[in-house]
Amino acid sequence: MAMQAIFNWDHVTTPWSSLSLPSSSPLMFAENIKWKKKEKKGKEKDEGSGRGRYVCAASSSNSTTPSPNYWDWWKPDKGAPAPCLSDILWPSAGAFAAMAILGKVDQLLSPKGLSMTIAPLGAVSAVLFATPNAPGARKYNMFVAQMGCAAIGVLALSAFGPGWLARSAALGASIGFMIWTRSVHPPAASLPILFIDGSKFHRLHLWYALFPGAAGCILLCLIQEMVSYLKDNCKF
């Protein structure tokens with residue numbers, strides 16, 4: 001979609017070739033600005049004075065044609081510095097320790113038929129250890145989203161029963177909940193689907209809002225603090 005800005009220069013004596021616009025002008029955002037000169041009917045254009053009517057045509061930013069930087073999203077971030085060995089080792093060690101501890105807890109809970117090692121906690125580990133400064137790693141985002149989305153899964157199962165409708169409604173409501181509460185935490189969106197499809201969690205009912213998602217996040221937060229300390233003070 002193109003837009004045009006029309007200027008009348010009938011009383012301007014400055015040659016159009018020397019026309020300059022301020023850098024803040026909205027007309028300077030496009031690289032390919034085309035200036036076209038239109039002659040008025042019954043008048044001859046004055047080549048020397050540049051009088052006449054000019055049209056500035058530029059492509060709008062909401063064009064369907066991909067911008068020149070579109071493919072940069074498919075490439076690694078070249079502006080970020082290469083991580084040192086410690087910045088790779090400590091987060092990896094933290095994730096290993098987290099899953100090892102959760103596995104040990106699973107052994108204690110196995111007689112009750114429960115498990116604390118769930119797939120969403122693996123995604124939480126990646127967010128906390130690899131991108132600790134990301135919005136999704138904020139404690140508010142994590143706990144509000146974990147508890148809210150888990151509760152939505154319980155309600156969806158009660159309302160629609162197991163099946164595609166419950167999964168679809170729970171996922172849509174979970175995303176809406178996270179946006180509304182400003183607590184976007186991507187791993188939490190999988191908790192409702194895990195509850196609906198995992199029959200072993202059904203007997204937890206609303207306790208599922210606290211276990212295993214929120215309870216597991218407490219452990220991961222403690223390990224994240226250790227990882228952050230080691231990254232800051234034990235570099236190599």
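Of the 236 residues of this protein, 33% count as buried, a term that stands for under 20% relative accessible area, with exposed meaning over 50% and partly exposed in between (1.4 Å probe, protein chains only). The model is a predicted one, in which local features need pLDDT of at least 70 and side-chain atom pairs count only at pLDDT 80 or more, while totals for chains, interfaces and linings use all residues. Residues are numbered from 1 along each chain as its sequence is written, and side-chain values use heavy atoms, with hydrogens and water left out.

**Overall architecture**

- The protein contains 6 helices and 3 strands, where helices (H or I, at least four residues) and strands (E, at least two) are DSSP runs numbered from the N terminus.
- Along the sequence these elements follow the order β-β-β-α-α-α-α-α-α.
- Of the contacts between residues at least 6 apart in sequence, 71% join residues at least 24 apart; contact means heavy atoms within 4.5 Å.
- The accessible surface comes to about 15,200 Å², and 64% of this belongs to carbon and sulfur atoms; the areas come from the Shrake-Rupley method with a 1.4 Å probe, and for residues only the protein chains shown count as cover.

**Helix 1 with helix 6**

- Helix 1 (residues 85-109) packs against helix 6 (residues 213-233) at an angle of about 155 degrees, with the axes 9 Å apart; axes are lines fitted to C-alpha atoms, for helices over the stretch in contact, and angles run from 0 to 180 degrees between N-to-C directions.
- Helix 1 and helix 6 are therefore roughly antiparallel (over 145 degrees; under 35 counts as roughly parallel, 65 to 115 as roughly perpendicular and the rest as oblique).
- The crossing of helix 1 past helix 6 is right-handed, that is, the near helix is turned clockwise from the far one by less than a right angle.
- Residues making this contact include Trp90, Ala97 and Ile101 of helix 1 and Leu220, Ile223 and Val227 of helix 6.
- The contact residues of helix 1 and helix 6 divide into 11 nonpolar, 1 polar and 2 charged; Ala, Val, Leu, Ile, Met, Phe, Trp, Tyr, Cys and Pro count as nonpolar, Asp, Glu, Lys and Arg as charged, and the others, Gly among them, as polar.

**Helix 2 with helix 6**

- The axes of helix 2 and helix 6 come within 10 Å and cross at roughly 30 degrees, and the two helices are therefore roughly parallel.
- Helix 2 passes helix 6 in a right-handed crossing, with Leu121, Val124 and Phe129 of helix 2 and Gly216, Cys217 and Gln224 of helix 6 among the residues in contact.
- This contact has 9 nonpolar, 4 polar and 1 charged residues.

**Helix 3 with helix 4**

- Helix 3 (residues 139-160) and helix 4 (residues 164-180) have axes that come within 9 Å and cross at roughly 150 degrees, which makes helix 3 roughly antiparallel to helix 4.
- Helix 3 also passes helix 4 in a right-handed crossing; the contact involves residues including Val144, Ile152 and Phe160 of helix 3 and Leu165, Ala169 and Phe177 of helix 4.
- By class, the contact of helix 3 with helix 4 has 13 nonpolar, 3 polar and no charged residues.

**Individual residues**

- Gly113 lies in the loop between helix 1 and helix 2 (119-130) and, at 36% relative accessibility, counts as partly exposed.
- Beyond its neighbours within four places in sequence, Gly113 is in contact with Lys200 and Arg203; the C-alpha atoms of Gly113 and Lys200, 87 residues apart along the chain, are separated by 7.2 Å.
- Met226 belongs to helix 6 and counts as exposed at 55% relative accessibility.
- Met226 and Gly94 are 132 residues apart in sequence and 8.1 Å apart in space, C-alpha to C-alpha.
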